Amino acid sequence: MKGVVVADPVIDGIACLWMRGGSSKGAYFLSRDLPSDRAARDDLLLRVFGSPDARQIDGIGGADPLTSKVAILSPPSRPDADVDYLFLQVFVDQPLVSDAQGCGNILAGVGPAAIERGLVAARGSETPVRIHMRNTGEIARALVQTPGGRVRYSGEAAIDGVPGTAAPIALLFDGIAGSMCGRLLPSGNEVDVIDGVACTLIDNGMPIVVMDAADFGLSGQESRDALDANGALKARLEAIRLQAGPVMALGDVRDSSVPKMTLVSAPVDGGVISTRSFIPHRCHASIGVFAAISVATACVLGKGPAARLARRPDWPRFAIEHPTGKAEVLVQQDAAGTVIGAGTMRTARKLFDGRVFARD
C-alpha cells in the first residue's frame with residue numbers, strides 16, 4: 001500500500017527475545033512481527049537460524065535441536081487463556097520448520113516473555129499465566145515470580161541439565177492425554193510388539209514410544225555421544241518409529257519430529273526410572289518436559305517396559321533420570337489409579353532482547 005514502509009528482516013531486523021526455557025534455548029517472537037503466510041514465515045526462520053547447516057554458522061541456532069527452537073506469542077484466541085503460544089522446531093541440517101509437537105521447556109519461558117512483551121500484566125509477587133498451547137489445543141498454567149511488577153529470573157531453584165539456580169516456574173497441565181494422538185494409548189494397548197520389541201505407544205502431552213534398553217543390547221546408561229554414534233541402533237529405532245507412526249494416528253512420520261523414541265532402564269540414582277530419549281534422531285541431553293510426563297504415566301500402567309522397570313515412589317513426585325540428571329514430574333491420579341493431571345517445575349532466563357537479522 002502506498003506510503004507504508006515494510007520492515008526488511010535483512011536490513012531492519014525483527015524484534016526478538018532470546019531465552020533459555022528449561023533445558024532448551026529459543027527465540028521468542030510476537031506473531032505480528034512475523035509473516036502471516038506460513039511458507040514465508042518458515043523461510044524467514046530458517047534464514048534467521050542459519051539452517052540448513054550442521055553448524056548453523058550463519059544464524060543464531062546453536063547446532064543442536066535443543067537450541068534451534070521458536071516460540072510465537074499472540075493475544076489469546078480463547079476466553080480461558082491469557083496468551084497463545086505456538087512452538088516451532090527449526091531443524092538444524094534440513095530446510096524444515098515443524099509445528100508437529102509442543103515443547104515444555106520452551107513453554108517455561110512463555111509466561112515471562114508474555115509479561116516482558118506486555119501481553120500479560122504482572123499481578124503481585126506471583127503472576128499466574130494461562131497459556132493456550134496451539135500445537136495441541138490444551139491450556140497450561142504457569143506461575144511466574146513477579147515481585148515489584150517485574151519478572152524475577154534469579155532464585156534458588158535448580159534443574160538438572162542447567163548450571164546454577166534461578167527462580168522457579170511451576171507448570172501445571174490438565175487434559176493433555178492424547179494431545180496429538182487422540183487418546184492416551186492410541187493403539188488401545190499397553191504393549192504393542194514392533195519388529196520383535198515390546199513397546200508402549202503413549203501420548204500424555206508428547207507422543208513417545210517406550211522400549212526396554214536391554215532389548216537393544218544396551219544397559220540404558222550409555223552416554224549421549226555413544227548412542228549418537230551407534231548407527232545400527234539409530235537405524236533400528238527409526239524402523240520402529242516409522243511403523244509406530246500410523247498406529248499412533250500420526251500417519252507417515254518420516255519427516256516429522258514425533259513420536260520420540262525413549263529407551264528405559266532401571267533407575268541408578270534414586271529416581272523412578274532411567275531414560276535415553278531420541279528427538280527423534282539424536283539423543284536428548286536430558287529429556288523434554290512432556291516426554292518425561294509421558295514416561296511417568298507409562299510407569300503407572302499395568303504392563304509395559306516402563307511399568308516393569310520402574311521403582312514406584314510413595315508420593316506423586318516422579319524423578320525421571322536422564323543423561324545429565326533427573327527431571328521432576330508431578331503425577332496426579334484418581335482413586336482408580338488413572339492419571340488425571342501432571343505438572344513440573346522449570347526455570348527460565350532472559351538472555352537478550354533486541355533485533356535479530358535474517359541472512360539474505
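Start at the second largest pocket, which has a volume of about 250 Å³. A pocket here is an open set of points on a 1 Å grid over the protein atoms alone, with protein on both sides within 12 Å along at least five of seven lines; lining residues have an atom within 4 Å of a point. Grid points are joined across faces, edges and corners, and a volume is the space filled by probe spheres set on the points.

This is a predicted model, where local features need pLDDT of at least 70 and side-chain atom pairs count only at pLDDT 80 or more, but totals for chains, interfaces and linings use all residues. Numbering runs from 1 along each chain as its sequence is written, and side-chain values use heavy atoms, with hydrogens and water left out.

Now select Arg-317, Glu-328, Val-329, Thr-344 and Met-345: of the 15 lining residues, these lie nearest the centre of the second largest pocket. Colour strand 15 next, as it gives the most to this lining, with 5 residues. (Strands are DSSP runs of E, at least two residues; helices are H or I, at least four; both are numbered from the N terminus.)

Next stop: the largest cavity, at about 70 Å³. A cavity is a set of points where a 1.4 Å probe fits but cannot get out. Pick Ile-287, Gly-288, Val-289, Ala-327 and Arg-346, the nearest to its centre among 13 lining residues. Helix 6 (289-299), strand 15 (325-333) and strand 16 (339-346) each give two or more residues to that lining.

Last, jump to the largest pocket, about 450 Å³. Select Pro-65, Gln-89, Lys-260, Ile-279 and Pro-280, the closest to its centre of 28 lining residues.
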